Each structure stands twice: as C-alpha cells, then as structure tokens.
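Please look over the structure shown below. The notes that follow go through its strands, its helices and some single residues.

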Amino acid sequence: MIQIQGAVLERIGAPRPYSESRPISVVDVELDDPRDDELLVRIETAGVCHSDLSVVDGNRVRPVPMLLGHEAAGIVERFGDGSTAERDGVRVGDRVVLVFLPRCGHCTACATEGLTPCEPGSAANNAGTLLGGGIRLHRHRDPIYHHLGVSGFATHAVVNRASAVPVPRDVPPHVAALLGCAVLTGGGAVLNVGDPRPGQSVAVVGLGGVGMAAVITALTYRDVRVIGVDQLPEKLAAAQALGAHETYTPAQVAAAGIKAPVVIEAVGHPAALETAVALTAPGGRTITVGLPPPTARISLSPLGFVAEGRSLIGSYLGSAVPSRDIPRFVALWREGRLPVEALVSSSVRLGDINEAMDHLADGTAVRQLVDLA
C-alpha cells in the first residue's frame, strides 16, 4: 500500500459555482498494491472531461466518495504478483494511455470489434470497481470508488491491464492522455463509423474536446470538407484555426440549409442532436457520441429516416478498440497530420479542480489538463 494524493468527489449535485461549493476535495488516500493483471501507474497528466462533470452535477449518478479522472497517461511502476502484463506487451517504465472502458476480450459485446461496450467493463464502471473486481482506494479504511476504472486525478493509480495501452516514449504525456478519451471518442467516431469518402463533407456539432478531436481527425482524410457547428464564437474561431473549412452557429447552419453525409454530435444535449439530424443529407449518417442525462428526450419526424434513407447511430468511445485504434492515432500524430496538442486550452493544478469544473460547465474550455508530473 502507498499514500497518494487525489481529487475525491464527496457529494453529487452540489450547487454552482463549484469554486465555492467545493464538492471535490484534494486529499491523501491509501492505494492498495496491484493484484493479478493490474498495474501501478504514476500519473503524469490527466484531462478534464464532461464525463467527470456529469458525475459532479448528477447527470451520471455514481457511488461516492469517488476519485475522479478517466482520461490520463502515466508511467508503469510495478505489476501485481502473478501478473501477465509484461507478457502482454507492457513493461515497467512504459508510458501508457489509460482508457475509461476496459474490454475483457471474451464477452459477446467485445466480439463486435468496438460496436458495443464490453459487458463486464461496463458493469465494473457502474459499480465503481476495477474490471477484475474490488476497490484499491481507501481513506481511513473506508472505500473510495474508482471512476471508470482509472481515477486519474491522482499522483498514482492502480488499473487493470485492459485499461492501459502502451505508447512509445516519444509521445508526450499531454498528447498521450488525450488519446484515451477525447481522441478515441471523437476521432474514433470518424474513423470507425463515419469513414468519409473523397468529395464528402463531415459536420461536427459541438466543439469541445471530443468535437475538436473529430474535426482534426476528419481533416486527415483526403478531399473531405469539414464543417464545425457550435453556439460559442470562440469555439468556431478555434475550429477555423485548426483548419475547419466552414463554421456556423446552429441557427446559421439551419438558415443556410447545409447538409452533410456524415454528421457527428458531440455535445450530449437533445437540441444538439436535433441540429445534427437536421444537418444530415439524404443517405447520410448521424453519429451521436455525446452522453445526455438519462431523462433527456428528442423530438424528430421518423419520415426522413425512411424516405431519405438516413441513419442515426450511437457510438460509445468512438466504437473503438483502444489497443487497435490508439496506435492508429499515434501514427497520424507522428506524421504531423493530427495536431492533438492544439486541443489543450490550459493546464491546471490538481488543487484547482473545482474551478476547472466551472470552466468546463461554462463551455469556455476545450481541454484542460491537470499536470501531475
């Protein structure tokens, strides 16, 4: 067991601003030694994502207290006794990307090659445990739940081998961390579901970290026009700076009558999904990766899906298989075609995590990184 420092969500649904209500405490926590098929990872960098905020604000109810953070990268320091991790391609000293949906590789869902989430992995995430079962975090002998198998807002983490994908050491930690969620989710939706053809256009509704990752991934395709849609002018300007060919507010894109064969919704809000569906051309695909509250509802006419041959497709984690897709994104980054660094809007200290949640809720941040190195 070692002593670590981590950001623990003490209660769900605290009022904003979080800088005043302070639902997250940065405290000392006991971290158990890794067990079979588990790794001890020294966290270098962690991204602040809406999936963290959705637990803080109660849109995704999880057990608390919970050590948050699910988009992170770090260095492997130790294996559990009897671990097969080294034989599985991970060594002490490796930099690893931590991913928030471990895949057991054996269930029916894993056989879909990313189409559906791993069943045991999803069950463990909902319960706040690791994939192999159990909890490794404690405070005064009381359990602290894991967030999506990672709990990356901490100096160290113990994770299941399935939650870690090694990357070459020349991939810096601020790039590696974003590969595990923003890029896998937004970029994966482009690669694995959208897969635009030359001459087509891709529209991305919602230009946060996931949406911007979809933009830069779509820009790696030859002869594909990329359209960004967001309510905030600063987000539209940022998408233009990254190379988006056209940018609009939802009202502007509706008034212009623009249609695209591939449309990705990356907000998790009913109005955004309705905008995305309206943007979709006949024969096209609306791909939704945002996670709205369970009670959210949309209003759509089903006629267009039949009469125009359109599809509405859900894509969790970009329909990705992390061990397969992260190396694809690394290759694009190395070629200079995927500027992952450009997604970073600011760096924050672990002690400022409540304020970081406010910035995320305000919509002013693309990706804030917590520097833990």
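**Briefing**

In strand β15, R285 is the bridge partner of V262. This is a predicted model, in which local features need pLDDT of at least 70 and side-chain atom pairs count only at pLDDT 80 or more, while totals for chains, interfaces and linings use all residues. Residues are numbered from 1 along each chain as its sequence is written, and side-chain values use heavy atoms, with hydrogens and water left out. Helices (H or I, at least four residues) and strands (E, at least two) are DSSP runs, numbered from the N terminus. Two strands pair if DSSP finds at least two bridges between them.

**The open sheet**

- Six strands form an open sheet in the order β13-β12-β11-β14-β15-β16, with parallel pairing.
- The edges are β13 (246-248) and β16 (311-314); each has a single partner strand, so one side of each is left without a neighbour in the sheet.
- On average, neighbouring strands of this sheet are turned by 20° against each other, direction ignored; axes are lines fitted to C-alpha atoms, for helices over the stretch in contact, and angles run from 0 to 180 degrees between N-to-C directions.
- Strand β14 (residues 260-265) is mostly covered, with five of its six residues buried (buried means under 20% relative accessible area, exposed over 50%, partly exposed in between, with a 1.4 Å probe and protein chains only).
- On one pairing, β14 runs parallel to strand β11 (residues 201-205) and is joined to it by four bridges; V204 stands opposite I264 there.
- On another pairing, β14 runs parallel to strand β15 (residues 280-288) through five bridges, and I264 stands opposite I287 in β15.

**Helices around the sheet**

- Helix α4 lies across β14, β15 and β16 and runs at about 135° to β15.
- Helix α5 packs on the sheet, where it touches β11, β12 (225-229) and β14, and its direction makes about 170° with that of β11. Contact means heavy atoms within 4.5 Å.
- Helix α8 (residues 270-279) is mostly covered, as seven of its ten residues are buried. The buried residues in α8 are P270, A272, L273, T275, A276, V277 and L279.

**How α4 meets α5**

- Two packed helices are described by the angle between their axes and the distance between the axes.
- For α4 (residues 173-194) and α5 (residues 209-218), the axes come within 7 Å and cross at roughly 45°.
- That angle makes α4 oblique to α5; angles under 35 degrees count as roughly parallel, over 145 as roughly antiparallel, 65 to 115 as roughly perpendicular and the rest as oblique.
- The α4 and α5 crossing is right-handed, a crossing being left-handed if the near helix is turned anticlockwise from the far one by less than a right angle, and right-handed if clockwise.
- From α4, the residues A182, V183, T185, G186, G187, V190 and L191 meet G209, V210, A213, A214, T217 and A218 of α5.
- The residues of this contact divide into eight nonpolar, five polar and no charged. Ala, Val, Leu, Ile, Met, Phe, Trp, Tyr, Cys and Pro count as nonpolar, Asp, Glu, Lys and Arg as charged, and the others, Gly among them, as polar.

**The barrel**

- Five strands close into a barrel in the order β1-β2-β7-β8-β4, and the pairing is mixed.
- Strand β1 (residues 2-9) and strand β4 (residues 66-67) run antiparallel and are joined by two bridges; L67 in β4 is the bridge partner of V8.

- Seven of the nine residues of strand β5 (residues 71-79) are buried, so β5 is largely enclosed by the rest of the structure.
- Eight bridges pair β3 with β5 in the antiparallel sense, and G74 in β5 is the bridge partner of I43.
- Strand β6 (residues 95-98) runs antiparallel to β5 and is joined to it by four bridges; A73 stands opposite V97 in β6.
- T45 has its place in strand β3 (residues 38-48) and counts as buried, at 7% relative accessibility.
- Not counting residues up to four places away in sequence, T45 touches E71, A72, A73, P173, H174, A177, L369 and V370.

**P293**

- P293 sits in the loop between β15 and α9 (303-307).
- With 24% relative accessibility, P293 counts as partly exposed.
- Leaving aside residues up to four places away in sequence, P293 touches N59, R60 and G268.
- From C-alpha to C-alpha, P293 and P102 are 23 Å apart in space, and they are 191 residues apart in sequence.
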